[in-house]
Amino acid sequence: MTVVRTCPVCSDTVAAGDVFCERCGRTLPDDVREARDTDAVATAPQESLADQSRPGLVPGDGAPTAPQVSLSGLATSEEPSGDPEWEAVDAMATQPVRRAQRPAGVPAPAPAPEGVAPEWPPPATGSNPVQPTNPGLCVWCPGTVLDGYCEKCGFLQPTGRDHVEVRTRSAVGVSDRGLRHRRNEDAMAVRVVDADDPHAPGSVVAVVCDGVSSSPRSDEASRITAETGATVLAERLRRGEDPRAATGAAMTRAAEAVAGIAESPSSAPACTYVSAVVDPATGTTTIGWVGDSRAYWLSGAPTSSASALLTKDDSWSEAMVQAGALSREEAMRSANAHALIAWMGADSGEIDAHISTVTPTGPGAVVLCSDGLWNYYPEAQALTDAVPGAGAEPHGAARAYVSLALKAGGKDNITVVVIPVPTAQGGHRAEQA
Amino acid sequence: MPNRPDQAGEPEFRVEIDQNRFLPIGRGEVHAVVSVTSNSPILVGTSVRASEVIIVDTSGSMYGEKLNAAKQAARAAIEALRDGVNFAVVAGHRTAQMIYPAEDRLVKVDARTRAEALDAVGTLRADGGTRMGTWLARAAELFTPVDEGIKHAILLTDGQNNEPPEEFERVLRRVAGTFVCDCRGVGTDWKVDELRRIDSALLGGGPGIIADPADMAADFRAMAQASMGKSVADVALRLWTPHNAVVRYVKQVAPTVQDLSGRAVERVPQAGDYPTGSWGTENRDYHVCVEVPPGDPGRQLRAGWVRVVIPGEHGIDDHVLASGNILAEWTADEARATEINPRVAHYTGQVELAQAIQDGLSARRDGDEDVATTRLGRAVALAHESGNEETAKLLERVVDVIDPVTGTVRLKPTVDKVDEMTLDTNSTRTVRTRPRPSGEEPGESPGPG
């Protein structure tokens, strides 16, 4: 298996050992340069890669999606796994992880060097915005910041949330204001359970929220919701709770938190919500969502599960399509296409939160994103093809996705979290805030 | 050698940048006009730290009227030197002969030394050849013991250099930047290119032609006075550029065209120090072109960070006097991205004008009338377009202008040598445009919010 290295700026593929991108000439960050071919999950030999051997991921239309947690009045069932309907969905969606043996005679690839993590202090750890925590460091390169500009690459540094990056060994998130909006109303939060934790060791937790622009203080809404959701989710996992139960509990608490900042129901900050819990050992991924922020599985090899959208938007267009009233194309052309039919906020009324679990066969990546990205790449395969090898180089991939969305017009805030599967082992080394 | 002006004598520098920072997607060539303004107090008494060497060509060809005028001029310059300035007078022929003082050193100006020097100038005799490299080497030796302050030389010649060109070049490379030299050619037997080479290596204010020996004294007095007005030496323009950026060129474009591109010294990482010599109260403009790797739309880059510095030793103790940012921002808005800043356009034209004149005159000397007509025609059009009336007038003495707008011209059958040399010498003098008043840039103010 080969790690695909991509330039974080122009997303062109770069060769092993390259210091500069051949296309744009930009210096490649050390994590791209030093990425080594790793074989954390050995794959079957090439001749067995016939299409029929390709594992499925989401069988049938809409299988993983079902109403689950009622957030009405913020009273929530926290025992979703007892629901027979959900058992059925899981049975359909879950695939065994294949761990093929290395063919005889093929030498083991060199082990990943210790220095895969960037040699410079990452601009941000945990999910704190880059700027407030490390005003002295560039968010794009290893340089330091002087008068607001990087003394190495020269880029004007983002202030506050204009451009935020979260880097851990197991997940990377990039959030950007885009080109049209005055502020970034998206938010993200990433947590990694310590590798030596007795429960869910190394599990990766990520949440992306997109502030509803028609609501007041939606930047605050998304930040509080994402932080609450990720914190509660990680804490529940540490206590040994089942990922599905933890996902539901986190959504309830997140919804409470955002409802709590409303001055009145008529002036209620609101946002979307999508979370992922990824088990480092099995790749089993539990997704929870309300609204139209999405989760995707991106296939990283021909032997992996095919790329798939893991969520179904709580949007007017999706509802029209589901009801058979409109075709997807017709629905998307409508002025209402992006109108939400569910969100988190004090004015949301009774809403249905969705939870689904899949176990993809890796390698690949779980990606959470706001519509600032998926508007340009709605299809899972198109998203996969846009940045090949996202799971192998999550940091470069997250930046490349943001860069592509900006190049496509950057009409909305853009947030992308990339979680490689299999995850980087050793969550304790993923520095947390 | 670093120069540390007194706190009281500290000049005030200001940097202003004119540019269109918007770039089309996928492009990375950034142009800016950097205007540097200095306002320095006039130094008197003990705070005067200046050295002046006056070099007068006394080769055989100077005999007669020219030598007499040169004596008058040297005296005028000596009279313009303030008390406390270190000075010497050198006669240049096949060697560099000390006229005052007799020994190889500089002496302080006071009533006695000034009177002695004025007398000594009377002993100048015209004899021998022209070896400008030797004269400049002597000046450099005289300046060597002086470790700070303004070091300025005035060089007067009337003829071509007799030295082998490679020897002349070797000396220029050795002395480049160690002092500032203003050159004057008298008559029409000297070569503009030679004085331009000296001017460029020693960061002079542009070579000058003294057509009438009678004008020499006034010209020398003005040069000496200008030199006395300088208060800070060895000023560098430090240009920082981003990682992976390439500096295409750095040119002084006003008051004269001077390409500094090859003169950068890297004293601090990612930055080149371009020597600018000494400064008094004055304005100079620079055209900077940097190629940066293209960025994402909406991203803003500091494509160049310009600082006016007096470099300290070993890159420490640098004294930064002023700074400014050359920015780049990518946009899909074609109209915004392709607009050319008026000052960038103006100086691009002025640099092309200088080149067109030099090419045209060179072709004319070589008998290539087609090229001469085309290039001088282009020069006429550029001078007309930019309102450079002085150059336009000088051009009219060399060509008959049929249409100044299109640059249609005919070469004059006979041209006075003085007119040709005056045009050549002055080709690098540009017309300055004023920087836009600060804060009038369209759009939001750049920089971190």
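Predicted model: local features only at pLDDT ≥ 70, side-chain atom pairs only at ≥ 80, totals over all residues.

Trainee: Okay, at what angle do helix α4 and helix α5 of chain B pack?
Mentor: Helix α4 (residues 165-175) and helix α5 (residues 192-201) of chain B pack at about 20 degrees, and their axes are 9 Å apart. The angle is under 35 degrees, so α4(B) is roughly parallel to α5(B).

Trainee: Which residues of α4(B) meet α5(B)?
Mentor: From α4(B) you have Phe168(B), Glu169(B) and Leu172(B). They meet Glu194(B), Arg197(B), Ile198(B) and Ala201(B) in α5(B). By class, that contact has four nonpolar and three charged residues, with no polar ones.

Trainee: And is the crossing left-handed or right-handed?
Mentor: α4(B) passes α5(B) in a right-handed crossing.

Trainee: New topic: where is Val351(B)?
Mentor: Val351(B) is in helix α8 of chain B, which covers residues 342-365.

Trainee: Why does Val351(B) count as buried?
Mentor: Because its relative accessible area is 16%, and buried means under 20%.

Trainee: What is Val351(B) in contact with?
Mentor: Leaving aside neighbours within four places in sequence, Val351(B) is in contact with Lys251(B), Val253(B) and Val257(B). Also, Thr428(B) is 77 residues from Val351(B) in sequence, yet their C-alpha atoms are 7.6 Å apart.

Terms used. Residues numbered from 1 in each chain as written. Chains lettered and ligands numbered in written order. Heavy atoms only, no water. Helix = DSSP H or I, 4+ residues; strand = E, 2+ residues; numbered from the N terminus. Buried < 20%, exposed > 50% of the residue type's maximum accessible area, 1.4 Å probe, protein only. Contact = heavy atoms within 4.5 Å. Axes fitted to C-alpha atoms, helices over the stretch in contact; angles between N-to-C directions. Parallel < 35°, antiparallel > 145°, perpendicular 65-115°, else oblique. Left-handed = near helix turned anticlockwise from the far one by under 90°. Nonpolar A, V, L, I, M, F, W, Y, C, P; charged D, E, K, R; others polar.
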